[in-house]
Amino acid sequence: MERYPRRKTRQIMVGSVPVGGDAPITVQSMTTTKTADVDGTLAQIYALKAAGADIVRCTCNEPEAAEGLAHIVPRSPVPIVADIHFHVEMALAALEAGVDCLRLNPGNLRKADEIKLVARECKDRGIPVRIGVNAGSLDKRLYEKYGEATPEALVESAQIELGLFAEVGFDNVKISVKASRIPLMVEAYRQLSELVDHPLHLGLTEAGPPPAGIIKGTAGIGTLLMEGIGDTIRYSLTTDPVEEAKAGRTLLEAMGLRERRNVDLIACPSCGRAEIDVYRVAQEAQAALESREIPLQVAVMGCVVNGPGEARSADLGIAAGKHRGHLFIKGEIVRVVPEDEMVSALVEEAEKLVKEGFVARLAAADKGAAAEAEADRIELLDARGTDANHSEARVKLITRRLATGAPASESRADGGPAVPGAPEA
């Protein structure tokens with residue numbers, strides 16, 4: 001992050017949550033319940049909060065929704081944003097319900113006098129507005145001007161709205177310029193960040209279901225965050241919104257932009273040297289640890305040859321060898337356990353680490369564990385060598401073949417496969 005320092009923005013308050021300035025980047029999501037269903041909506045809001053959401057948006061599309069918000073807002077564990085489309089009456093009703101922010105779409109709430117009316121009401125109440133530009137619902141005049149949704153069209157839409165707000169002296173604003181195509185979305189935010197100092201709400205709209213939706217959202221949001229652009233984020237996934245909050249929180253933690261509050265499990269991709277089913281053990285460890293909210297990076301490695309070394313930066317890890325697991329803290333072996341106890345030992349040590357700290361747990365290490373682990377490592381190397389996947393032999397074969405043009409089957413005098421374990425040519 002030293003290469004891309006975070007862009008300096010003004011700070012606004014969404015309820016009790018600061019957005020922009022030097023505040024932590026926040027995670028947002030949106031309920032999928034009918035807002036008039038107060039209990040159902042609150043249940044989803046609490047689930048989103050537990051999954052990592054700092055701010056939650058609810059639709060306000062009808063009088064019953066506004067009435068629901070009046071009951072939801074005072075009972076919500078997070079600030080509530082009312083999502084407004086088309087009807088200025090719903091914006092005013094949401095303000096009466098006590099929401100902490102409005103989201104206005106300039107593409108479908110277009111009358112200047114209505115927009116300024118809402119801005120004046122928000123100014124009087126100290127309530128911020130998100131200008132929510134969307135490539136799929138721009139003002140038709142912008143489509144006519146640019147021919148299609150372009151970065152310039154999205155940015156101009158936001159600027160037009162800002163101009164109307166400025167006429168009534170309102171600037172308590174954050175902005176999004178979302179699109180469903182990654183290059184369009186990224187370039188629009190880049191251009192906007194050069195023109196305004198308002199906090200920016202990042203998102204790739206209509207990303208679709210996981211896993212593709214998470215990949216697409218991460219490509220767009222992550223690119224901008226690495227460039228120092230963005231103050232709050234939302235994944236737009238076709239799934240339970242709890243998954244949006246999880247994805248957002250996970251991304252920020254992985255990038256070092258939010259303090260880790262739950263496990264970050266890393267694992268090797270497995271290879272010919274693996275002594276266990278790495279996929280199964282990693283999945284079991286993930287399931288066992290994620291429900292405990294243990295803020296550690298934990299590694300599951302398939303063998304003891306390189307495992308502890310490759311995962312040395314992890315807080316805690318385990319590597320498999322000779323039907324045993326080598327448990328390590330910061331790369332230092334502390335215990336050797338039976339293979340069928342690997343996951344339970346990992347969970348037990350993780351809980352002790354959180355409770356007692358690294359110094360105490362390293363001091364409590366089994367004094368003979370390191371020697372046992374080294375013996376296992378040497379024996380595995382003797383049995384399988386340093387190149388269990390025969391990679392070096394394959395490289396030599398490729399080099400010889402490119403140099404001589406000889407087919408693979410001619411690379412050995414006996415006509416057998418040129419690489420141990422490789423199929424006949």
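Guide: Rings of Phe, Tyr and Trp (its six-membered ring) pair if their centres lie within 6.5 Å; planes under 30 degrees apart count as stacked, over 60 as edge-to-face and the rest as tilted. This is a predicted model, where local features need pLDDT of at least 70 and side-chain atom pairs count only at pLDDT 80 or more, while totals for chains, interfaces and linings use all residues. Residues are numbered from 1 along each chain as its sequence is written, and side-chain values use heavy atoms, with hydrogens and water left out.

Visitor: How many aromatic pairs does a search of the whole structure find?
Guide: The search finds one. The ring centres of phenylalanine 165 and phenylalanine 170 lie 5.3 Å apart with planes at 75 degrees, so this pair is edge-to-face.

Visitor: Are phenylalanine 165 and phenylalanine 170 buried or exposed?
Guide: Buried means under 20% relative accessible area, exposed over 50%, and partly exposed in between (1.4 Å probe, protein chains only). Both phenylalanine 165 and phenylalanine 170 are buried.

Visitor: Which strands make up the open sheet, and in what order?
Guide: Strands (E, at least two residues) and helices (H or I, at least four) are DSSP runs numbered from the N terminus, and two strands pair if DSSP finds at least two bridges between them. Here five strands form an open sheet in the order 11-12-13-14-15, with mixed pairing. Strand 11 (264-267) and strand 15 (332-338) stand at the edges with a single partner strand each, so one side of each has no neighbour in the sheet.

Visitor: How do I follow the pairing from strand to strand?
Guide: Look at direction and bridges. Strand 11 and strand 12 are parallel, with four bridges, and alanine 267 has valine 300 as its bridge partner in strand 12. Four bridges also join strand 12 (residues 297-301) to strand 13, again in parallel; here valine 300 partners isoleucine 318. Strand 13 and strand 14 (residues 324-329) are antiparallel over six bridges, with alanine 320 opposite glycine 325.

Visitor: What links strand 13 and strand 14 in their hairpin?
Guide: Two residues lie between the strands, and lysine 322 takes a positive phi near 55 degrees in this hairpin.

Visitor: Why is strand 13 described as largely enclosed?
Guide: Six of the six residues of strand 13 (residues 316-321) are buried, so the rest of the structure largely encloses it. Leu316, Ile318 and Ala320 point one way, Gly317, Ala319 and Gly321 the other.
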